[in-house]
Amino acid sequence: KEQISALIDGEANDLERERTLRALREDAALRGSWERYHLTRTVIRRELDVVVTGSVSERIRLAIEQEQPPRDE
């Protein structure tokens with residue numbers, strides 16, 4: 001999680017950035033930490049207008065996938 005913080009703060013070198021991005025692709029729990037870190041940073045900076053978390057976007061994606069196409073009548 002320390003590397004996530006460094007990446008968010010722009011303090012990660014190229015190798016650390018690549019390793020962290022690869023880990024984020026492979027680890028859902030780590031992606032959750034990424035989202036929480038970003039949300040925390042956004043709140044601290046008072047940049048919070050609207051936040052859509054991964055869980056919300058994932059639910060929207062699943063709902064769209066499950067929609068039935070309209071039938072021609």
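**Core, helices and caps in a predicted model**

Mentor: The largest nonpolar core holds seven residues: Ile4, Ala6, Leu7, Ile8, Ala12, Leu24 and Leu30. Helix α1 (residues 2-8) supplies the largest share of this core, four residues. This is a predicted model in which local features need pLDDT of at least 70 and side-chain atom pairs count only at pLDDT 80 or more, while totals for chains, interfaces and linings use all residues. Residues are numbered from 1 along each chain as its sequence is written, and side-chain values use heavy atoms, with hydrogens and water left out.

Trainee: What makes a set of residues a nonpolar core?

Mentor: The set consists of buried Ala, Val, Leu, Ile, Met, Phe, Trp, Tyr and Cys residues joined through side-chain atoms within 4.5 Å. In soluble globular proteins, nonpolar side chains tend to be buried together.

Trainee: Why is threonine 20 called buried?

Mentor: Buried means under 20% relative accessible area, exposed over 50% and partly exposed in between, with a 1.4 Å probe and protein chains only. Threonine 20 has a relative accessible area of 5%, and is therefore buried. Threonine 20 touches Gln3, Ile4 and Leu7, not counting residues up to four places away in sequence; contact means heavy atoms within 4.5 Å.

Trainee: How do you know that the span of α2 agrees with expectation?

Mentor: The expected span of a helix is 1.5 Å times one less than its number of residues. The 13 residues of α2 should span 18 Å, and the end C-alpha atoms are 19 Å apart, so the span agrees. Helices are DSSP runs (H or I, at least four residues), numbered from the N terminus.

Trainee: Why is α2 called roughly perpendicular to α3?

Mentor: The axes of α2 and α3 come within 6 Å and cross at roughly 115°. Angles of 65 to 115 degrees count as roughly perpendicular, under 35 as roughly parallel, over 145 as roughly antiparallel and the rest as oblique; therefore α2 is roughly perpendicular to α3. The contact is made by Ala23, Leu24, Arg25 and Glu26 of α2 and Ala28, Leu30, Arg31 and Trp34 of α3.

Trainee: Which residues cap the N-terminal ends of α2 and α3?

Mentor: Asparagine 13 caps α2, with a side-chain oxygen 3.0 Å from the backbone nitrogen of leucine 15. Aspartate 27 caps α3, with a side-chain oxygen 2.9 Å from the backbone nitrogen of alanine 29.

Trainee: Which residues of α3 are buried?

Mentor: The buried residues of α3 are Leu30, Gly32, Ser33 and Thr42, and they pack against α1 and α2.

How values were computed: Helix = DSSP H or I, 4+ residues; strand = E, 2+ residues; numbered from the N terminus. Polar contact = N/O pair within 3.5 Å; in protein donor to acceptor, adjacent residues only side chain to side chain. Axes fitted to C-alpha atoms, helices over the stretch in contact; angles between N-to-C directions.
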